Amino acid sequence: MNAQLGCSILAILAYHKIGDPPRSNSPNRWYIPKATFRDHLRYLSSSAWEVISVDALLRALAGSESLPQRAALLTFDDGYKSLLDTASSCLRQFGFPSVAFIPTQFVGGYNDFDGGREPKEAICSWDDLRELERHGCSIQSHGVRHLSMSSLGQEAQEEELVSSKRTIESELGKSVEVFSYPYGRVSEDRPAVSELLKRVGYQAACLFGGGVTALPVKNAYYLPRVDLYPHSDLAKLLVS
C-alpha cells in the first residue's frame, strides 16, 4: 500500500496527556503543558506543514489522492480526559483535525494499564468520544487491554484487533481502520502482523517514535511517529 508521490514528507505527531501533572507528582515526560501544545499548533499553522485528517491519509495510502508536500497528522494515545478538556479547544482554535487511539477496556475508567507507574488519570467515556468525533477527532483502535503486541500470540493479537475495532464501530457508528501499537511494540514476525491487520480490516498502523518519513511508505502497517515531550523542539524534530 503506497502513498502517492504528491507528498514528499509525512510527520505523524504522537501525544499522550495535555496539561499539567497532578500537584502531588513531579514533572512527568508524558504531560505536555497546554501553552507548549498551543505553541506546537501555532508553529504548524504558520509553517510549510499542513495538518491533514486520517481520512486524507488513508486515501493517499490507497493511492486515490495525493497529500500536501509536507503533511502532519496529530495523534493522541490512550484517550485521556485531557484530550477533551484541554487539547480539543486548542485544536478547534486552529481548525485542525486529529486522531485518538483508544484501548476499549478502559473507556470511562482510568489508566489502570499503567500499573501505578503513572499518575491516575481519567479516560474519556463513550459520550466524550462521541463529542470528540463531532469536533473532528477520529477515534481509532489502541487494542482492548493496552497490551504490547510483542507479548501476545497470534490468536490473542487477533482478539485485540477484532474486538477493539468491533466495539468502537458499534459504539460510535463509524469505520475503524487504523491501529496504534500499545507501547509501540510489535512482535518479531512483522509480515505476519501486517497480514493479520489487513485481514481483519485495518488499512494502517502506527508505531511510537521514528520521526518523519518520506513517501511513498514501504509498509502502511508500520508508520513511524514523532514522539513529543514537554521540552520537545517541534521545529527541529520536523527538519527532514
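Y183 is partly exposed, with a relative accessible area of 35%; here buried denotes under 20% relative accessible area, exposed over 50%, and partly exposed the range in between, for a 1.4 Å probe and protein chains only. The structure is a predicted model, in which local features require pLDDT of at least 70 and side-chain atom pairs count only at pLDDT 80 or more, whereas totals for chains, interfaces and linings use all residues. Residues are numbered from 1 along each chain as its sequence is written, and side-chain values use heavy atoms, with hydrogens and water left out.

The backbone of Y183 adopts a positive phi near 65°, although the residue is not a glycine. Y183 lies in the loop between β8 (178–180) and α6 (190–200); helices (H or I, at least four residues) and strands (E, at least two) are DSSP runs numbered from the N terminus. H146 also has a positive phi, of about 55°, and is not a glycine. This residue is located in the loop between β7 (137–141) and α5 (154–172), and H146 is buried, at 5% relative accessibility. A further backbone feature is the cis peptide bond between L215 and P216, with omega about 5°. P216 belongs to the loop between β10 (213–214) and β11 (223–227). Most residues other than glycine have a negative phi, and most peptide bonds are trans.

Strand β1 (residues 9–15) is mostly covered, with seven of its seven residues buried. I9, A11, L13 and Y15 are buried on one side of β1, and L10, I12 and A14 are buried on the other. Pairing was assigned where DSSP finds at least two bridges between two strands. With strand β5 (residues 70–77), β1 pairs in the parallel sense over seven bridges, and I9 stands opposite R70 of β5. The pairing of β1 with β10 is antiparallel and comprises two bridges; in this pairing L10 stands opposite T213. Two bridges also join β1 to β11 in a parallel arrangement, where A14 faces D227 of β11.

The largest nonpolar core contains 52 residues, and those with the most contacts inside it are L13, F37, L44 and Y181. Such a core is a set of buried Ala, Val, Leu, Ile, Met, Phe, Trp, Tyr and Cys residues joined through side-chain atoms within 4.5 Å. Helix α3 (residues 81–94) contributes the largest share of this core, six residues. Leaving aside residues up to four places away in sequence, L13 of strand β1 touches L44, L73, L74, T75, V226, L228, L234 and L238, a contact being heavy atoms within 4.5 Å. A second, separate core of 21 residues includes V54, A71, F101 and A220.

Cysteine pairing was also examined. A disulfide is a covalent bond between the sulfur atoms of two cysteines. With a disulfide taken as a pair of cysteine sulfur atoms within 2.5 Å, the count comes to zero. The closest cysteine sulfur to that of C90 belongs to C137 and is 13 Å away, so the separation is too far for a bond. C90 is buried, with a relative accessible area of 0%. C137 is likewise in no disulfide, the nearest cysteine sulfur being that of C124 at 8.4 Å. C137 is buried, with a relative accessible area of 4%.
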